[in-house]
Amino acid sequence: MRLLLIEDDTALCAALAPALGDFGRLEVCHTGPEGLALLASGGYDLCILDRMLPGLDGVTLLRAARAKGVTTPVLLLTALAGPGEVVDGLDAGADDYLAKPFDTAVLQARLRALLRRSGGGAVLQAGDLRLAPAELTLTGPAGAAELSRKECALLEALLRAPGRLQPRAALLARVWGPLAEVEDANLDCYIHFVRRRLRAVGSAARVVTVRGSGYRLEVPPC
C-alpha cells in the first residue's frame, strides 16, 4: 500500500513517519505544486494533505486533483478548524478532516476508516497468486511467504497490471519514491528477490525482463 503525506512541517513529517509506515510505504513532499504532481500521478491508496502549503494551498490542490479525476481518499490536516474551513475542505473533495493538534492514534483510526470505506488495501489476485499488501503476505499453490515492504511494493506494482510492461523508472519511483537516489542495480536485486518469492509459493507466474526497458509479470490462467 502507498501513502502520500503532503506537509511542509518537516518535524511533523518525521514524527508521523513511524505511525504512517504501519500502513505501507510512505512518500513525503513539502510543497503544494510537488504534492499535486505526485497525487495526480496516481497509484496512492491514501493521501494526508496539509491545508497550508507553500506554492499552492491544500484546498486549491485538492480541487485541482479532483478535477483531474483523482479518486484517492484524502484526509485534510489543518490548524483551521472552524465550521467554514471544514465545509470548504470537504466541498473541495476531502474525505475526512482532522484539526491540529491531533492524537496519532486518532489519525491512524481515521485512516483505517477511510480504507474500509474505499476498499483500499484490498487483496490483489491474479492467476494462482494472492497478494495482501496490508499483511505483507504473498500466497500461492505451495503456501504463503512473508514479504519485505519493498518486495511487496514491487509485486503490487506488477500485479496491478499483469502482462503490461512496467518501465524501470516507474518501478524505481513506485518502490523507492520519486525523489530517492537509487541505482538501477537495486531494482535488479529486488526483482531477484521477487522471483525467489514466486518460486517459494509455487506460482506459475514469472517476471520477464524486457531488456533496456523494464519488467512485466506474466500470469498464466489457473
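**Figure 1. The salt bridge between Asp 96 and Arg 110.** The side chains of Asp 96 and Arg 110 meet in a salt bridge, with 2.9 Å from N to O; the term denotes a side-chain nitrogen of Lys or Arg within 4 Å of a carboxyl oxygen of Asp or Glu. Asp 96 lies in strand β5 (residues 96-99) and Arg 110 in helix α5 (residues 104-118), so the pair ties together parts that are 14 residues apart in sequence. Helices (H or I, at least four residues) and strands (E, at least two) are DSSP runs, numbered from the N terminus. Asp 96 counts as buried, at 15% relative accessibility, whereas Arg 110, at 28%, counts as partly exposed. Buried means under 20% relative accessible area, exposed over 50%, and partly exposed in between (1.4 Å probe, protein chains only). The model is predicted: local features need pLDDT of at least 70, side-chain atom pairs count only at pLDDT 80 or more, and totals for chains, interfaces and linings use all residues. Residues are numbered from 1 along each chain as its sequence is written, and side-chain values use heavy atoms, with hydrogens and water left out.

**Figure 2. The salt bridge between Asp 184 and Arg 168.** In this salt bridge, the closest N and O atoms of Asp 184 and Arg 168 are 3.5 Å apart. The pair links distant parts of the chain, 16 residues apart, with Asp 184 in helix α8 (residues 184-200) and Arg 168 in helix α7. Asp 184 is partly exposed, with a relative accessible area of 39%, while Arg 168 counts as buried at 18% relative accessibility.

**Figure 3. A network of Arg 2, Arg 25 and Glu 27.** Salt bridges that share partners join Arg 2, Arg 25 and Glu 27 into one network. Within it, the side chains of Glu 27 and Arg 25 meet at 2.7 Å, N to O, and both of these residues are buried. The structure holds 11 salt bridges.

**Figure 4. The second largest pocket.** This pocket has a volume of about 190 Å³. A pocket is an open set of points on a 1 Å grid over the protein atoms alone, with protein on both sides within 12 Å along at least five of seven lines; lining residues have an atom within 4 Å of a point. The lining comprises 11 residues, of which Arg 2, Ser 41, Gly 42, Ala 170 and Arg 174 lie nearest the centre of the pocket. Helices α2 (32-41) and α7 (168-176) each supply at least two residues of the lining. By type, the lining residues divide into six nonpolar, three polar and two charged.

Notes:
On a 1 Å grid over the protein atoms alone, a cavity is a set of points where a 1.4 Å probe fits but cannot get out, and a pocket is an open set with protein on both sides within 12 Å along at least five of seven lines; lining residues have an atom within 4 Å of a point. Grid points are joined across faces, edges and corners, and a volume is the space filled by probe spheres set on the points. Ala, Val, Leu, Ile, Met, Phe, Trp, Tyr, Cys and Pro count as nonpolar, Asp, Glu, Lys and Arg as charged, and the others, Gly among them, as polar.
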